Amino acid sequence: MVIGNNRKSAWKKWWLGLSAVMVIALYWHEELIIYVFNLHKIGGGNPLILGLPAGIPDQSPRAAYRGPHPATTARPEDPFPYPIKLGETGPVEPLFAGSPQYPWICMTEKSGLGQPLVDNQQGVGVAVYQENNKGEKTDEIIGYSKDCLIPTQAWYLYNKQGTRAFYPLEQANNDIAKVVVNGKQVDFVVRVEMGAINRFLYLIIALKGQEGSPHNPDNRNWNGKLIYQFRGGVGIGYKQGKVRPSHILERRYDALSKGYAVAYSSGNQTSNTYNVQLAEDTAMRVKRQFSSLYGQPEFTIGIGGSGGAIQQHLIAQNGADLIDGAISLYSFPDMLTQTIYALDCELLEYYFDVLSPEKRWQTWEERRWVQGLNAASRQNGLDIYRKLALAFKGKWPLRPEGMSECSHSWRGPAQVAHNPRYFHYFRHFPEAIFNRIHWSIWEDQKHVFGVGRDGYALQAWDNVGVQYGLQALVDGHISMGTFLDINSKIGGWKPAAEMQPVRYWLYSGINSSIFDIAPWSQHNMKRGSDRGEQPAPRTLGNLDAIAAAYRSGNVFLGKLDIPVIDLRHYNDPHIDMHHSFASFETRLRLLQGQGHAKNQVIWMTFLPHEPRPMAIEAMDRWLTAIKDSSDLEVWQNKPADIEDACFDKSGELIASGDQVWNGAWNNREDGDCMQVYPNFKSSRDIAGSPLSGSIFKCHLQTVEQARDKGLYGDIDIAPYLDRLQAIFPDGVCDYSRGDVGRPQDLDQELGLGAQLP
């Protein structure tokens, strides 16, 4: 016993000594680290926003959107004269998606297109410099660019034999690959066009014809079909986005080799914006540019992953005649309903790492019972930040390494989406300008969500009445004591006006020190007492903002009149945010919204199998059948071999048919594919929310009413009733009644089916 105490004392002294050395080393070397990585400079080689237009920012109060759903409204005629000729510029003002947003980060140089065109002499936007005869920038400023336009330009690239790489045509040396298109062999040479539409950079790629020129393309080697590329990421506006033709050439190599044309815009990459109206507005104009050059496509196939899938769902739902079929990769139903559980993440991680008195959460797999998402004890290179934060809080940092989907995938992106004081492109702004702008997914669409009297956009996120870990309690995975502790300490997020910048040290931005590091963003959380005697208050979502989310077309409601192939690699074991249960959220919403999901096919496979060319070929056949039999429903034209299926890593079919994806989501025994690729859940699913994942704010009921409905199973809550009522003074969620904020007339307006919650 004495030996054990001596060892414990020795370890404690060793740890205190090491901690002191670490702190001293960090204190003396933090500035050196920042200098070496060029983090002491705002700009850091990026074009710097030097000034704002008059009247920007406009943070005056405004009401949330209350108009009709976009699926019921016609789009205005586009007065812009297409095609945009080489050397000319495209439209700046969106057609129907509101006014241009400022500040606007130019990315023409990062896209290999040179400096943007001068559009003002008032110091607004980025500086444009005189170039010498070598094309190098001098120190002389010749004007400024606030809109980041470039002259439209085009050139030819060829595919070198035996490779998937493309090179300038003038470099060809009898090494041009051949492809067979429209029944004849032709050179694999593509015409690439780039320009700016709605200030985003667009890209059009199609096979070069036998004749024509960059100014006047020849469409005879085009197969008559267009692929519109969408891309993902988490963005909040304020930037043009970068476009590199090589990225699209690599992704769509097989399609281009078969004669498809490909169109894309940085406005259709959600790492730039989740403004779905602007994404639609931009894509429609890019397609008009394409059609004016090559002719109307026979049909257009959409393809894109994550946020790229979200755009396809929403643009098609909202009534745009843009794509005829969607290939949704790594899909989510929409972005806004992902914030519901994503913003639970850090609240729960902080509880597990800091607030909980139990060591069980150091076994990462235990976190699944409450978070729902995957978590595992494994090596995590970024865990050093969590360990440093624990050490600075006086906690023992040498805990088992691990990660959850929350810590690995949503730490950072969730704060980008929600925190108005954080934008990961902070290096493009002087501090004075950066601090004047409010940043978040809500601010990016403040014309939708509205602005409060405090000058901040209204927010839809809410966790009042949410009983975190409820299913784990009922199933016996956590005790009543743990359940009460979680819900008394979990808290919520502070109002936007009270939030402070994130503290991610090197990734935070202005004036951030490692000694302030806060990986969980706990300084922006509503807190009670650390021991839970005083429950932490929850966050109340704004009902007008929630209603606006539905009315504006930002929420996928489950009605599509196009075919959808929902395709993903099974990434759940990799603790990737693109979890497989999202495909079944979409399916549930289709079942609820239109009464069936016969126009959605779910395919799942495992790396290294590459199924995208197979999906394009299948969608081509489906759309061809629709074109040939237009009097039938979309699903009635589906070829018999296009059905729900799963594949192994070599691409071999495991199972197919309409029962293979049965599972908990439809209250049936797991089908053959679900047994191979099982789903996880979200924190709100564990709390009792329907698996469709679409309730921002629940209706409330008393704890006694919840008990009487059997929400606590066989557990006698009488001894805990007072404590539960103290934690939930307004009541607990009654998910059976749907979303408080969903407009009551929406179903009738859109002709939706009988709605389940």
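Among contacts in the protein between residues at least 6 apart in sequence, those that join residues at least 24 apart make up 73%. The model behind this figure, as behind the others in this report, is a predicted one. The chain holds 24 helices and 22 strands, and buried residues account for 58% of its 757 residues.

As for overall dimensions, the C-alpha atoms fill a box of roughly 90 × 65 × 55 Å along the principal axes. The radius of gyration is 27 Å, which agrees with the value near 27 Å that a compact globule of 757 residues would have. The accessible surface comes to about 30,800 Å², and carbon and sulfur atoms contribute 51% of that area.

A search of the whole structure for aromatic pairs finds 30. One of them joins Y238 and W439 in an edge-to-face arrangement, with 4.9 Å from centre to centre and 75° between the planes. This pair links distant parts of the chain, since Y238 lies in the loop between β9 (226-230) and α2 (245-251), while W439 lies in the loop between α12 (431-434) and α13 (441-444), 201 residues away.

| Charged residue | Ring | Distance from ring centre |
|---|---|---|
| R199 | Y102 | 4.8 Å |
| K208 | Y156 | 5.4 Å |

R199 lies over the face of Y102, and the charged end of K208 sits over the ring of Y156.

Methods
Residues are numbered from 1 along each chain as its sequence is written. This is a predicted model: local features need pLDDT of at least 70, side-chain atom pairs count only at pLDDT 80 or more; totals for chains, interfaces and linings use all residues. Side-chain values use heavy atoms; hydrogens and water are left out. Rings of Phe, Tyr and Trp (its six-membered ring) pair if their centres lie within 6.5 Å; planes under 30 degrees apart count as stacked, over 60 as edge-to-face and the rest as tilted. Helices (H or I, at least four residues) and strands (E, at least two) are DSSP runs, numbered from the N terminus. A charge sits over a ring if NZ of Lys or CZ of Arg is within 6 Å of the ring centre and within 35 degrees of the ring normal. The radius of gyration is taken over C-alpha atoms; the globule rule is 2.2 Å times the number of residues to the power 0.38. Buried means under 20% relative accessible area, exposed over 50%, partly exposed in between (1.4 Å probe, protein chains only). Contact means heavy atoms within 4.5 Å. Accessible areas come from the Shrake-Rupley method with a 1.4 Å probe; for residues, only the protein chains shown count as cover.
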